[in-house]
Amino acid sequence: MSETIMNTNDEGAVVASERSDDVVLSVKHVGKYFRLPTEQATGLKQAFINWTKGIKGYKEQHVLHDINFDVHRGDFFGIVGRNGSGKSTLLKIISGIYVPDGGSVEVNGTLVPFIELGVGFNPELTGRENVYLNGALFGFSHDEIAAMYDDIVEFAELEEFMDQKLKNYSSGMQVRLAFSVAIKAQGDILVLDEVLAVGDEAFQRKCDDYFAHVKRDPNKTVILVTHDMGAVKKYCNKAILIKDGDIVVDGNKDDVANRYTLENLEKKEQKTDKKGYPTGLNKRVPLLKIHSVSPRMCKSSDTFKFDVEYEFNEDTKFFLAIALHDIKRGGVTYDTGANTLVMDQHGHQTVHFEMPLELFNNGEFRLVASLRTPNADPHQPSDMVAFTNDDNSCEFVIRDSANRDYALLSDRAMQIRQVEE
């Protein structure tokens with residue numbers, strides 16, 4: 001059975017076409033650029049002079065290059081990428097807010113975009129009126145919204161407040177209403193941009209149950225843009241990773257999530273103090289850095305190997321202290337202690353270390369180090385001379401199908417057993 005669909009041609013015009021398969025969104029060779037002004041012509045004379053000199057007065061920023069993918073009916077499709085990668089621009093093209101400069105976007109069905117919480121809400125109108133207003137912006141008729149209304153209000157848990165003006169709602173109530181309008185709108189394709197963690201804990205559990213239900217519905221399609229790789233692995237069956245306007249991973253959600261995690265482990269530009277030393281370093285210790293030797297995507301069966309590079313030229317006893325931090329759960333997972341690792345090589349040196357990972361469940365971890373000298377009081381911890389900041393520390397992740405995600409320690413390391421009396 002064929003259905004009429006709308007697509008955007010190379011000139012940006014919306015045209016109708018026919019499809020008979022289960023592809024509900026087809027993105028083909030989509031490109032997008034923006035013109036950023038570099039010079040401003042204050043009058044016709046200056047504009048003419050610029051033209052005769054070949055000065056355009058702007059530069060082109062290409063945000064997307066030749067993007068291609070299909071979304072099928074029933075998919076829970078993830079789009080991920082770091083800030084500035086182009087994913088939000090792509091989402092706005094899919095939603096019809098932007099027109100592509102090249103390529104086409106074909107939508108087969110009713111698409112409900114939910115790009116920003118509360119867009120289209122009017123604080124001077126009641127909750128009831130805002131439901132009808134927001135539904136109209138999504139393209140639904142008055143009768144269609146009326147048919148959805150009870151479900152929207154029930155999900156938002158705002159039955160007693162729908163005839164109050166929106167400006168009298170708390171921020172949490174507004175979030176719940178906006179989100180409920182989007183997810184309860186009877187569309188075929190729901191487009192969500194970074195909106196899974198909305199409302200209080202109870203409402204988030206309710207949303208979680210809803211998405212688990214949607215995931216099982218073969219006729220519902222969700223396109224999710226998120227930085228939460230846990231959500232990608234939990235909900236999505238397919239995903240793409242966008243980097244610098246190109247798709248670099250396409251298809252397997254675990255591959256996409258793991259590659260995104262590695263992308264975020266890339267080091268940022270060093271921060272320096274007023275004397276030119278990176279934060280944590282100084283004239284006495286101008287270099288202290290942890291380098292990963294092992295791949296930074298690990299399994300629990302791996303032994304993580306790393307080097308600590310330092311420069312310390314004072315003729316005195318000194319120590320290295322190394323701690324393992326749990327980035328997601330928080331806290332110090334392990335610490336060597338301040339006086340344990342005694343160093344005997346001065347100058348510019350590199351020391352080799354390794355650490356077994358079999359105790360840990362999945363997670364993201366950071367190794368930090370400090371260089372220390374003995375305290376005048378031998379009963380006190382050593383004095384810290386320098387430390388590794390976030391840029392000089394080493395981050396790695398554990399991703400193992402044999403593990404769980406919630407607790408730090410794996411079942412292989414720790415189990416609680418019932419004891420018979």
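Analyst: Helix α5 is mostly covered, since ten of its 14 residues are buried, where buried means under 20% relative accessible area, exposed means over 50%, and partly exposed lies in between (1.4 Å probe, protein chains only). Please keep in mind that this is a predicted model, in which local features need pLDDT of at least 70 and side-chain atom pairs count only at pLDDT 80 or more, while totals for chains, interfaces and linings use all residues. Residues are numbered from 1 along each chain as its sequence is written, and side-chain values use heavy atoms, with hydrogens and water left out.

User: ok, and which residues of α5 are buried?

Analyst: They are M173, R176, L177, A178, F179, S180, V181, A182, I183 and K184. Helices (H or I, at least four residues) and strands (E, at least two) are DSSP runs, numbered from the N terminus.

User: what do the buried residues of α5 pack against?

Analyst: They pack against the strands β7 (111-114) and β8 (189-193), and also against the helices α3 (127-137), α4 (142-156) and α6 (201-216); contact here means heavy atoms within 4.5 Å.

User: how far apart are the end C-alpha atoms of α5?

Analyst: They are 20 Å apart, which agrees with the 20 Å that the 14 residues of α5 (residues 171-184) should span at 1.5 Å a residue. The expected span of a helix is 1.5 Å times one less than its number of residues.

User: switching topic, what is the mean pLDDT of the protein?

Analyst: The mean pLDDT is 84, and 85% of the residues reach 70 or more, pLDDT being the predictor's confidence in each residue, from 0 to 100. Over residues 1-20, however, the pLDDT is below 50, although this stretch has 50 contacts in the model beyond near neighbours in sequence. Where pLDDT is low, the predicted coordinates should not be read in detail.

User: how many helices and strands does the protein have?

Analyst: Its secondary structure comes to eight helices and 21 strands, and of its 421 residues 43% count as buried.

User: let's do strands, then. which strands pair with β14?

Analyst: Strand β12 (residues 287-292) runs antiparallel to β14 and is joined to it by six bridges, while strand β18 (residues 347-356) pairs with β14 in the antiparallel sense over ten bridges. Two strands pair if DSSP finds at least two bridges between them. To give examples, K289 has E309 in β14 as its bridge partner, and T303 has P356 in β18.

User: is β14 (residues 303-312) mostly covered or mostly open?

Analyst: Strand β14 is mostly covered, with seven of its ten residues buried.

User: last one: where is S382, and is S382 buried or exposed?

Analyst: S382 sits in the loop between β19 (363-373) and β20 (383-387), and S382 counts as buried because its relative accessible area is 5%. Apart from neighbours within four places in sequence, the residues in contact with S382 are F319, A338, N339, R372, T373, P374 and N375.

User: what does the side chain of S382 make a polar contact with?

Analyst: One partner is the side chain of N339, at 2.9 Å, and a polar atom of the S382 side chain also lies 3.0 Å from the backbone oxygen of A338. A polar contact is a pair of N or O atoms within 3.5 Å; within protein, one must be able to donate a hydrogen and the other to accept it, and residues adjacent in sequence count only if both atoms are side-chain atoms.
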